[in-house]
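Reader: I'd like to go through this model with you, starting at the metals. Can you take me through it step by step?

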Amino acid sequence: MESKAAARERFDSARDELIALSHRIHANPELGFEEEKASTWLCESLDSVGFTVEKGICDLPTAFRARAGSGPLHIAICAEYDCLPDIGHACGHNIIAASAVGAAVATAKVADDLGLTISVIGTPAEEVGNASGKILMLERGAFDGVHAAMMVHPAPFDMLRAKLIAASMFEVHCTGKEAHAAAFPELGINAADALTIAQTAIGLLRQHILSSDRIHGIITNGGAAPNVIPAHTSAKYVVRSETLDRLAELRPRVYRCFEAGGLATGATVEIIGGDKPYAEMNHDEDIAALYRKNSEDLGRPFPKMGEWESRPTGSTDMGNVSRAMPSIHPMIGINSLPAANHQPEFTAHCITPDADKALIDGAIAMAWTCIDLATHPAVRDRLIAHP
Ligand SMILES: [Zn+2]
Ligand SMILES: [Zn+2]
């Protein structure tokens, strides 16, 4: 098919630059909403090949949108580029960002011939767990007029439809009263005890939740000195369930565990966030089937899922995008086992030849899928009819 060959040829001419871009982002990890360098480099790269670039959209300095073509079918490729605290690009968002640019550049080559508009939507802060880039950008109109969205995400192995569940991150702040821990403990109100009780209550709650639910967190402040009764403590927790509806039932039960800590100790407990959760991912069947074929044509088949059919693999704000428009979020393998996402060993894998190959295959498979969406009349009509 001529368009696919042309798109591939266009990608190949940019390939070395895109691999360098992926490695540069990897070498300069930036936390969510602070991705100044990455967003600038991505915008420069798209601008230099003729995309119309708007940076700092939606009141988010590191968000952007870059557009090429002017056809009636508008497809967006989402780019993520934030890292994790302490362990850098342990989720491989450098690969996501570079493959998004590569897919868009390749598709742009044939966009007008096929009646396509192609956008890269630069979405900050995927790792924050609440009120993240895509959620705020959906609210603020960045996806308006887009008919379908896609991205690829690195993982140890390829998965077309990973089970990505709903999630909600919130902070807890406990306030008690300082006192000398040995001389006048009766004057203190122990805010660290409030968190200990909460953690005990959450441990007991685990008997009564579904096996697909997840509750996990860290203490971000446990007190200042062992000889001062802690007056200020804090924690960050994430609650996950298969769906937003199920999450809405579970989350208040976890909140009550923290309230129990306050009740028992007399500390005041404040819960912040959790108000803009990640939705579960709905993989669009038509787009996923086309992506599968393109991935297979590139010599990248999808292995049998086995236990991963039903096992949650994480959460993403792409789930919120998938509620707003037909979307896919294939996981692209970088052959990293036993290392997996969110481990420093995975960080090291995200610039290997296998990682670069994932960038290349992901970009071409997405570009070819965009071409399929534009040229398969039934799918095209369905997408355009979508509000
Ligand atoms: Zn991650
Ligand atoms: Zn990720």
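Reader: Which residue bridges the zinc ion (ligand 1) and the zinc ion (ligand 2)?
Author: This is a predicted model, where local features need pLDDT of at least 70, side-chain atom pairs count only at pLDDT 80 or more, and totals for chains, interfaces and linings use all residues. Residues are numbered from 1 along each chain as its sequence is written, chains are lettered from A and ligands numbered from 1 in the order in which they are written, and side-chain values use heavy atoms, with hydrogens and water left out. The two zinc ions sit 3.1 Å apart, and the residue that bridges them is Cys-91.

Reader: What are the donors of the zinc ion (ligand 2)?
Author: Donors here are N, O and S atoms within 2.8 Å of the metal (3.2 Å for Na, K and Ca), and water is not among the atoms, so sites may look incomplete. Along the sequence, the donor residues of ligand 2 follow C-x1-H-x59-H. At 2.1 to 2.4 Å from this zinc ion, they are Cys-91 (SG), His-93 (NE2) and His-153 (NE2).

Reader: How many residues apart in sequence are the parts that Cys-91 and His-342 tie together?
Author: The zinc ion (ligand 1) is coordinated by Cys-91 (SG), Glu-127 (OE) and His-342 (NE2) at 2.0 to 2.3 Å. Cys-91 is in the loop between strand E3 (73-79) and helix H3 (93-111), and His-342 is in the loop between strand E12 (331-333) and helix H9 (344-349), so the parts that this pair ties together are apart in sequence by 251 residues. (Helices, H or I with at least four residues, and strands, E with at least two, are DSSP runs numbered from the N terminus.)

Reader: Is His-342 buried, partly exposed or exposed?
Author: Buried means under 20% relative accessible area, exposed over 50%, and partly exposed in between (1.4 Å probe, protein chains only). Cys-91, at 8%, is buried. His-342 comes out at 40%, so call it partly exposed.
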